[in-house]
Amino acid sequence: MQNKLFSSIYVIGTAMAIAITMTLFVIYYVKVAPIYPEYNRLKTMKSISINMEIFAKGDDGKENKIGEFHSDGINPNFITDVLANIENVDACTAINSDWTSYLKTDNDKNHFEKVIIKYTDPGFWKVFNFEFLDGRPFLNEDMTNAPESAIITSRLAKVLFASTEATGRKIEINKKSYNIIGIIKSPSAFTSDSYADVFIPLTIPKDQPFSLMYASGAFKIIFTAKEQKHVNDILADINGTLNRMQAEDRDAFNNGTGGEYRFEMTDFIVKPFWKTQLENDTSTASVMETVSRLMLLVFSLLIVPAINLSSMISSRMAERRA
């Protein structure tokens, strides 16, 4: 109370530094910790990207690289053609996202706000543990070429129908009508892989099985292990399967039974879910680089209140010494 100005500066500086530090920890807790509806994060894996090189035989009979491409999406038949044959895989889902700025309900109410749409399958509700307030998740019979079912969040249901008991009602998206079969408790927007306002069954082209030629696609693949200890084994099995497919493709190309081109997978990135959450701050940083950067930032923030407290103690000691 004797030095109100300096004391106020010390207290405010200390409070702000500690508040920012706690905010950082809360942000990274939401990214990594098991929270609704992503309770299975520690045993969940996610496809990130795929890099391919294309080869063809030249006039001299030797292979020449004629191109390469990068894709952030994967052929959804990766689930049935690869993951289904790997032991200890518990549940799988393929997801794709879109958005619209216009919805219309069966009572002619128009909604002109941005609405995030996620196209997915029955496995989505096993990978992520959503709480259904009304209705049910997708079943296999909902996965048709012209899906007519939809699941919406409780937040959107209250906006559109003023109630979370909206099963059986209809909404119109892009001039197509959908029957609402379920209402879920609204997830946090921070859980970007599971978050959406409307969920619609996706349509998977069954006539395009997963292969090196048809490895890329428009979907992210997310899957869970039966136990957390099986995560590394599953990743090793995926790499083994892809290496075998690549060897078979190379042999077929060399002996003339393959196609006109040979596709070589230079990078197929599938990582544990919690790692992707930490590494998505930058496309190049590893987990250790991200953690090191975070610790440096925390140290830089906490050094300020440390100096402030030291100054307060030092000034009090000087007064008492006199």
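## Aspartate 121

Aspartate 121 sits in the loop that runs between strand S6 (115-120) and helix H3 (124-127). The model is predicted. With a relative accessible area of 10%, aspartate 121 counts as buried, because the limit for that class is under 20%.

The side chain of aspartate 121 makes a polar contact of 2.7 Å with the side chain of threonine 93.

## Second largest pocket

The second largest pocket holds about 220 Å³ of space. It is lined by 13 residues, and those closest to its centre are Asp121, Met143, Leu202, Ile204 and Lys206.

## Phenylalanine 199

Phenylalanine 199 belongs to strand S11 (residues 198-201). Its relative accessibility is 0%, so phenylalanine 199 is buried by the under 20% criterion.

Setting aside neighbours within four places in sequence, phenylalanine 199 is in contact with Lys118, Thr120, Phe124, Trp125, Phe130, Phe138, Ser149, Ala150, Ile151, Thr153, Ile184 and Ser194. For threonine 120, the C-alpha to C-alpha distance to phenylalanine 199 is 7.0 Å, while the two residues are 79 residues apart in sequence.

Conventions. Residues are numbered from 1 along each chain as its sequence is written. This is a predicted model: local features need pLDDT of at least 70, side-chain atom pairs count only at pLDDT 80 or more; totals for chains, interfaces and linings use all residues. Side-chain values use heavy atoms; hydrogens and water are left out. On a 1 Å grid over the protein atoms alone, a cavity is a set of points where a 1.4 Å probe fits but cannot get out, and a pocket is an open set with protein on both sides within 12 Å along at least five of seven lines; lining residues have an atom within 4 Å of a point. Grid points are joined across faces, edges and corners, and a volume is the space filled by probe spheres set on the points. Helices (H or I, at least four residues) and strands (E, at least two) are DSSP runs, numbered from the N terminus. Buried means under 20% relative accessible area, exposed over 50%, partly exposed in between (1.4 Å probe, protein chains only). A polar contact is a pair of N or O atoms within 3.5 Å; within protein, one must be able to donate a hydrogen and the other to accept it, and residues adjacent in sequence count only if both atoms are side-chain atoms. Contact means heavy atoms within 4.5 Å.
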